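Give the cut-offs as you go.

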Amino acid sequence: MSCLALSLQPTNGPDILLQTREWFPPSRALMALSSFRQTRLSFAKSHHQSAAGTGPDPDPSSDSLGDDPLAASSGQLIVGVESRYRVVYRLVNSIYVLAVTTIEDSNNNVFECINIVNQAVSIVVTACRGVDVTPEKLGKKYAEIYMALDIVLRGVSSIRLAAMLASMHGDGIAKMVHSAVHTESKIRGADTWGNVEPHAVDHEASVGAFSNASFELPSETLQAGDEVAAATFSQQGTEEKDSLGKADETEAEKDPFAASDRINKPPEELLIEGFKKDKDSGLSDMSKALAGLEITSLPPAAATEATQITVDGFEGRYGGVEFGTGGSTLKDDFEGHNSAWGGGLDASEFVGPKKVPKDLGLGGLEFINTSEPPPAAVAKGGDADKIVDMLVQKTQMKGPEMYIVEEISAEFRESLLARVGLKGVVYLKTVPPKPSSDNTETEFSFKVDGTAGVKRFVVENSKISSLGNGLFHVRTPPSDEPMPIMKYSLLPRMTPLPIRVRLVKRLSGTLLSIMIQYASNPDLPVPLNDVTIVLKLPVDPTLLKVSPKAVWNRSERELKWHIDEIPLKGNPGRLRARLPLEIDDDDDGSDLEIVGYVKFSAIGKQSLSGICLGPASEGKTDFYEVDHRYASGVYICN
């Protein structure tokens, strides 16, 4: 509830003025004002008693406050016992300007009452022509102050308040009260209705004149139109009669209870019934189809001869077509081209004129059980190494390995970035423990660079300790699995975005069009590959049109696009979808929940955040930095 009453109360003497709202009883307002007066006087008595008890020399600073402690500054006071009210007051010379309101949890009433009290103070000061406000001066302008406070109590804008203050001493009460209609329009420079009313009248008269206007066409034009209409109607009538006659005949033939003539036809006629004959030439469709075929003629005799090649190592005759008479048939030649090693090519033509000798027996399989391995498999140094040992030696780690795994999350609303976050984890992969020997702990120092944009850094205290200036010392027993030793997060303004996406939706009637634009960050070291963009639709559409092709999951109502590669530089890519919706005519589609999800991952020599790992001292290799990885977390656009 807003301000309920306004009052002017002098420090000594009865109340000068009281203005209340229509629904607030004046008796309750008087009760609140009486309680305020009693509280004020009780404070003044206690002040006098305390001043008298101090002795003949009181503090001179206390005299500046006056007899009433509430005169020190403006403020508010809660009065009443059973019905409690909040009184906002301000003292102007010897007159209190009071505003009464209820006690509520919110502070809206307090600020509104303070604004009303300030406006009432402006009216009082203007009426008395200065801050020297006395009951005598208020009595001379009582009517103007009464009407002005009544308007202020119901709410007034700053423009109208300025007009009221300007007309307080010159134009009289009537103009001050009734000038509210045109005050704001006059100050803002708007036209009044009296100025624009003639234009509205002229507009209505013009509309009426055009509505009642009529004109006549020449007789020649009317006669020509009648002739065209007669010819059109006669032609349409003839076509309708023909179509009705044909429809009757077809309906008679399609009678399901009528006997068919096909029963009496022989089977031969039923088989050849589908081939329609040409009335002019009497040829069947098969003859016409065969007549349109083009038969390729045989190549000339010169093209069938082979070419002699004399290049060293490739001597021989190549090419040519030879028709033999050795009894081969078309079937044998055709099947020879279809066999796995057929086609008329001999491997000996490419390796030399001599044939490769073939080994007898099982083709080398007999060496497994019947003989020793060939001498070429024996090393020159003596004993032969096992293949398993050679493979194990190749896959063994040279030392501890460290890499960074980062996860970036972002949310785009239209084309604006709403929020972004990146968290990374530094992993340590030690040399796997050996069960046969004593496993020593992995211990070394390393340095972390590129931490200008880091918001928070957390280390695993049981495995790693900080040496200061970006140096860390790690000491941990060996393990088979990579272990996280450090975690960090970046500042949002320092977080790089691998890809920017934008979702645009438009609703035209009942047709919803959705477009997703995407563009890669040109500062990435390598382009993003195998990017998946998923569009979550609000409904299960009956008709869906997408571009380019996508995979539709009906149970999840998701459209999935797979992009092989996004170039670093180039035009943004576009994914489009269109579907009908069943919504009301007054619905603009703003409540539709349409979300796009982006999924990607990459591996490279550099991390996405720019953080890199290095040895504590140059020239010393205590560990190996392998490929870093980053992937998308919650990467959405809506």
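Phe412 is buried, with a relative accessibility of 0%. Buried here means under 20% relative accessible area, exposed means over 50%, and partly exposed lies in between, using a 1.4 Å probe and protein chains only. This is a predicted model, where local features need pLDDT of at least 70, side-chain atom pairs count only at pLDDT 80 or more, and totals for chains, interfaces and linings use all residues. Residues are numbered from 1 along each chain as its sequence is written, and side-chain values use heavy atoms, with hydrogens and water left out.

Now the rings. The whole structure holds 14 aromatic pairs. Rings of Phe, Tyr and Trp (its six-membered ring) pair if their centres lie within 6.5 Å; planes under 30 degrees apart count as stacked, over 60 as edge-to-face and the rest as tilted. Phe412 and Tyr635 have ring centres 6.0 Å apart and planes at 50 degrees, so this pair is tilted. Phe412 belongs to strand S8 (residues 401–413) and Tyr635 to strand S26 (residues 628–637), so the contact ties together parts 223 residues apart in sequence. Strands (E, at least two residues) and helices (H or I, at least four) are DSSP runs, numbered from the N terminus.

Tyr635 is buried too, at 1% relative accessible area. Tyr635 also pairs with Phe600, edge-to-face, at 5.2 Å centre to centre and 80 degrees between the planes. Phe600 sits in the loop between strand S22 (595–599) and strand S23 (601–604), 35 residues from Tyr635 in strand S26. Phe600 counts as buried, with 4% relative accessibility.

Other ring contacts follow. One aromatic cluster is formed by Phe444, Phe446, Phe457, Phe472, Tyr488 and Phe623. Arg629 lies over the face of Tyr403, 4.7 Å from the ring centre. A charge sits over a ring if NZ of Lys or CZ of Arg is within 6 Å of the ring centre and within 35 degrees of the ring normal.

Next, a sheet. Its 4 strands run in the order S12-S13-S10-S24, forming an open, antiparallel sheet. Strands S12 (464–468) and S24 (612–615) are the edges, each pairing on one side only. Two strands pair if DSSP finds at least two bridges between them. Neighbouring strands are turned by 35 degrees against each other on average, direction ignored. Axes are lines fitted to C-alpha atoms, for helices over the stretch in contact, and angles run from 0 to 180 degrees between N-to-C directions. S12 and strand S13 (residues 471–476) pair antiparallel over 4 bridges. Ile464 stands opposite Val474 in S13.
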